[in-house]
Amino acid sequence: MEGNGVATKSEEEQFAVWNQVFRIYDLVFGLPPHAQALHFEIRRDNHVEYLTRGLSQMGPGFSVMDATRPWVCYWVMHSIALLGDCVSDKLENDIIDFLQRCQDPNGGYGGGPGQMPHLATTYAAINTLITVGGIRSLTSINRETLYGFLLRMKDSGGGFRMHDGGEIDVRACYTAISVASILNILDHRLIQGTGDYIMRCQTYEGGIAGEPGSEAHGGYTFCGLAAMVLMNEVNRLDLPQLINWIVFRQGVEGGFQGRTNKLVDGCYSFWQGAAIAIIQRLRSTVMEQLGLPLSKTDFSQEGAADSSNSDQEEHSEPESSVNDICQSEVAGVDHNGDSFIKALQEIGPLFNTFGLQQYILLCTQEEAGFRDKPGKSRDHYHTCYVLSGLSICHYAGTRNIDRPPRTQDIMGPYSNLLEPVHPLYNVVFDKYQEAFRFFSSPES
Amino acid sequence: MDSEDVKENRVPFSNRSEWSDIKPVPQDDGPNPVVVIDYKDEFVETMDYFRAVYMADERTPRSLDLTREAISLNPGNYTVWQFRRLILEHLNVNLHEELQFMDQIATKNPKNYQIWHHRRWIAEKLGVGAAHKELEFTRRVFSQDAKNYHAWSHRQWVLLNLGCWEDELSYCDELFNDDICNNSAWNQRFFVVTKSPLLGGLDVMRDSEIMFTIKAILAKPGNESPWRYLRGLYQNDAKSLLNDPRVASVCTEVLLGGSQYVHALNLVLDALIHQFQPGEDLKGAIEAVYSSLDLPDSTSDSELAKRVCFILEKVDPIRASYWHWRKTTIPSQAL
């Protein structure tokens, strides 16, 4: 976007960011190797300490978060889980108790005790409880009343309202569908018409907007895509156009922007990165939309330098037709999240994973916590989504979620490796597994 | 009323005689709370009184005032906002006054979901008469931040539900004069061109829009927005798009420009994938770019799509793995 003629406001802002970012890169890469290495290390202990503190006390400035406390629980607990760490049993029990107080007797969770239930805080609460894990945590969720709440939030146009009398948008659709899916209460009554609504939100640019007509946006793109996959309707989106829009959201800085001609922001490391990771497991659907046969495998961990169709090391035949949920015999929407994650990641990394890791490690990481970009302050939200995005990078090149990434996939020391997430829910994979088993069992 | 007034003039509820009958309800965080916020005293008291009226479902003028105080302390409390709506309806309050209140708090909270949703609720109730004022309001917001997502959604909602399309296309032009890279303005233009009842729809508008977009492209070929808009005009039928000689021509011109041609090639690639047959000028321009870079020798005519991918891998390295994948998904007919 270098200017011909006078720079516009968008361009000026972009130049300023490039300035800051490349100054950092020049500085770091100008250092001797030993000093350089330090910059690429994830400061685990510092982050965990910063995160854990957020669980106990926050200053009066956080009064504006009074209606979003379950979110803070999720951002903190999920981040700690990504770092492979945990909190004390007492703290875990306190979290379960607190969220119990946020649970409405008629279903759903509000932003705090006594507040109306809200889809976003419900999503945050459920994901937190699943991240905590264990019988006490999972049984604290009243799925019956929650189902009723979700159904009440359903709008006749197919979308969902965030709360009684609240706004309808793609976020609401995702949070409702995600929660229903992970708790194994997703059914046709809930998904009725939602696919139609989300389809209307895919814009001429290829990305997905919050409402029909609005601008394509990274956050809503993740929400729309994930919801469609969970409803088994992803083939209704124009995937090649979607992919094209998302990949163009990665800038030379290495990080992702949320919208065309806007600035990079660490949180989009997840929203955009995970959207691509999701698509990498949809090879059959994508190939079908491209009008191509499935016979060739295109997965290559060698990346761009290798122009031939090289096979992955251990597999010769892709098991795509069995694994791809759009072709599977699975009736309804049961276990879509599970079939999805068990499917192989048959398309290789479509974004520049090292570029993103570099931006994350050098531009978003603070002494403790992570931020949007240089010059912005850290917060728990960015810490959560930057780390989630980093995890996506680590596993973008592995075909099977059960296998560890190779050393060359991780920027910095191998000890930087984070836990893998289930990209549709953004819950750490092991915790998701535990929840899946729990909520699929007849006794639950 | 903003938070400064609250501090200076504030009388605690416990000292207000009109509230003496109400027993405040403390927040039930339990004995072992987490994510504890160190609320200021006035916050605690206001919310304790709010809980009391909320649980009693008291819809009176005093509870309406109370919601205003609660909102000023935390504009993100959606429960308070929802209750306020119930009170406003019950009391049949003049919503023009409510809109004034919204104008006051909007400046400090331009990205708050609850405020925008409340505004939409008011506008819906006021109906068509509110259209002009709402458009003016979003205009003011855009003067501070021309890409405010909520404001754009609100503006679109107003147009669709309350009308007032007359000046919308020219408003987009204004924004383009300010910043041709403003993607929100391009998105709005697409919205207007396809949805405005005054313009006749995309088929009618397509021709003039192509001219407009091509001009924008030539002024700044590295600007992604008009390229995506161009595709939108042809509903992503890249082949038909490139069959328009004006479009093929602008791609050629940009390629011959020697730089800033990634978006042009992105478009050309999509067309080639769909069996677009480029004319000699465009083909020549692609070949010129190809030979200017240090790329593998290739003589076959039918591998143009592949050669475009090679170019892109080289000149757009951040997307190298994507272009590599695109190479593997070229249909055999296009090769």
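Biologist: How many salt bridges does the rule find across the interface of chain B and chain A?

Modeller: The rule finds 5 across that interface. The model is a predicted one, and over all chains it holds 47 salt bridges.

Biologist: Why is the pair A:E11 and B:K220 called a salt bridge?

Modeller: The closest N and O atoms of A:E11 and B:K220 are 2.8 Å apart. The cut-off is 4 Å between a side-chain nitrogen of Lys or Arg and a carboxyl oxygen of Asp or Glu, so the pair qualifies.

Biologist: What makes A:E211 and B:R120 a salt bridge?

Modeller: Their side chains meet at 2.9 Å, N to O.

Biologist: Why does the pair of A:E211 and B:R120 join two chains?

Modeller: A:E211 sits in the loop between helix 11 and helix 12 (218-230) of chain A, while B:R120 belongs to helix 6 of chain B; therefore the pair joins two chains.

Biologist: What is the extent of the interface in residues and in area?

Modeller: In residues, 75 of chain B are in contact with 90 of chain A. In area, about 6,900 Å² is buried between the two chains, and carbon and sulfur atoms give 50% of that. Within chain B, the residues that lose the most area to chain A are B:V35, B:Y78 and B:Y149, together 12% of what that side buries.

Biologist: Which residues lie nearest the centre of the second largest pocket?

Modeller: They are A:Y197, A:R200, A:E211, A:P212 and A:G213, out of 49 lining residues. The pocket holds about 1,200 Å³ of space.

Biologist: How do you know that helices of both chain A and chain B line the second largest pocket?

Modeller: Helix 11 (194-200) of chain A supplies at least two lining residues, and so does each of helix 6 (113-126), helix 8 (149-162) and helix 10 (183-195) of chain B. Helix 8 of chain B gives the largest share, 8 residues.

Biologist: What classes of residue make up the lining of the second largest pocket?

Modeller: The lining has 23 polar, 15 nonpolar and 11 charged residues. A:E211 counts among the charged ones, because Glu is placed in that class.

Terms used
Residues numbered from 1 in each chain as written. Chains lettered and ligands numbered in written order. Predicted model: local features only at pLDDT ≥ 70, side-chain atom pairs only at ≥ 80, totals over all residues. Heavy atoms only, no water. 1 Å grid on protein atoms, 1.4 Å probe; cavity = no way out; pocket = protein on both sides within 12 Å on 5 of 7 lines; lining within 4 Å. Points joined across faces, edges and corners; volume = space filled by probe spheres on them. Helix = DSSP H or I, 4+ residues; strand = E, 2+ residues; numbered from the N terminus. Contact = heavy atoms within 4.5 Å. Buried area = accessible area lost by both parts, 1.4 Å probe.
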